[in-house]
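Please read the following briefing alongside the sequence and the coordinates. It begins with a single residue and then turns to the whole chain and to selected sites.

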Amino acid sequence: MEIDFQNTKMLLTDFYTIQKIEEVENGKYHALIHLNKDHEVFKGHFPGNPVLPGVCTMQIIKELTETILQKSLVLSRAINVKFMALINPDVHPTLKLELDIETLENGDVKVKNSTFFDTTLALKLSNNYKVIDK
C-alpha cells in the first residue's frame, strides 16, 4: 500500500523530495527519496566535497515517520545510531530508507531504520519518539 506524502512537513525547504513511500508489511515501510544536491546545506558541509549531515538524515527519518503515522513527533531517545558510509549527494542522490515502526505500550513510537544508497548500507538506527499534540 502506498502512503500519501504530498503534505509532508519538512524542516528544510527543498532539501529532498519523496519519490515513494509504501507499506511492504504490517508496520514495515520502504521510502525512496531524492536529495537536492544544490541545497545550501551541502555548500557548507563540505565545500567541494558535499556530505549529507548525519543530523539531517535523522531528521528525514523523523519526517517520514510523521508522514506515515500522520502524527507530530519529537525524538526522545537515540538507542543505536551507526553511520556506515558517507552519502555524497553528487554521486548518490537517491536513498532507500527501510522503516520498521512500532507503537509502544506507553504511546511512544519506536523506529528501526536502515538507509541505503544503491546496495550500500549508509545508516542503521533505532530511535524512540514521543507523540506531541499540535
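Where is Asp14 found? Asp14 is found in the segment before strand E1 (16-25), where helices (H or I, at least four residues) and strands (E, at least two) are DSSP runs numbered from the N terminus. This is a predicted model, in which local features need pLDDT of at least 70, side-chain atom pairs count only at pLDDT 80 or more, and totals for chains, interfaces and linings use all residues. Residues are numbered from 1 along each chain as its sequence is written, and side-chain values use heavy atoms, with hydrogens and water left out.

**Overall architecture**

- The protein has two helices and six strands, and from the N terminus on its elements follow the order β-β-α-α-β-β-β-β.
- For 134 residues a compact globule would have a radius of gyration near 14 Å, and the protein agrees with this because its own value is 14 Å; the radius is taken over C-alpha atoms, and the globule rule is 2.2 Å times the number of residues to the power 0.38.
- The C-alpha trace of the protein spans about 45 × 30 × 30 Å along its principal axes.
- Of the contacts in the protein with a separation of 6 or more, 58% are accounted for by residues 24 or more positions apart, contact meaning heavy atoms within 4.5 Å.

**Burial and surface**

- Buried residues make up 41% of the 134 residues in the protein; buried means under 20% relative accessible area, exposed over 50%, and partly exposed in between, with a 1.4 Å probe and protein chains only.
- The accessible surface of the protein comes to about 7700 Å², and 50% of this belongs to carbon and sulfur atoms.

**Sites in helix H2**

- Thr67 is found in helix H2 (residues 54-69), and it counts as buried because its relative accessibility is 5%.
- The side chains of Thr67 and Thr8 are joined by a polar contact of 2.8 Å, a polar contact being a pair of N or O atoms within 3.5 Å of which, within protein, one must be able to donate a hydrogen and the other to accept it, while residues adjacent in sequence count only if both atoms are side-chain atoms.
- Apart from neighbours within four places in sequence, Thr67 is in contact with Ile3, Asp4, Phe5, Thr8 and Ile21.
- Glu63 also lies in helix H2 and, at 3% relative accessibility, counts as buried.
- Residues up to four places away in sequence not being counted, Glu63 touches Thr8, Lys9, Met10, Leu11 and Tyr16, and a polar atom of the Glu63 side chain lies 2.7 Å from the backbone nitrogen of Leu11.

- Asn128 has its place in strand E6 and counts as buried, with 10% relative accessibility.
- Leaving aside neighbours within four places in sequence, the contacts of Asn128 include Val74, Leu75, Leu104 and Val109.

**Backbone geometry**

- Most residues other than glycine have a negative phi, and most peptide bonds are trans.
- Asp14, however, has a positive phi near 60°, and its 56% relative accessibility places it among exposed residues.
- Asp118 likewise has a positive phi, near 50°; Asp118 lies in the loop between strand E5 (109-117) and strand E6 (120-132) and counts as exposed at 61% relative accessibility.
- A cis peptide bond, with omega of about 5°, joins His45 and Phe46, and Phe46 lies in the loop between helix H1 (40-44) and H2.

Definitions and conventions: Accessible areas come from the Shrake-Rupley method with a 1.4 Å probe; for residues, only the protein chains shown count as cover.
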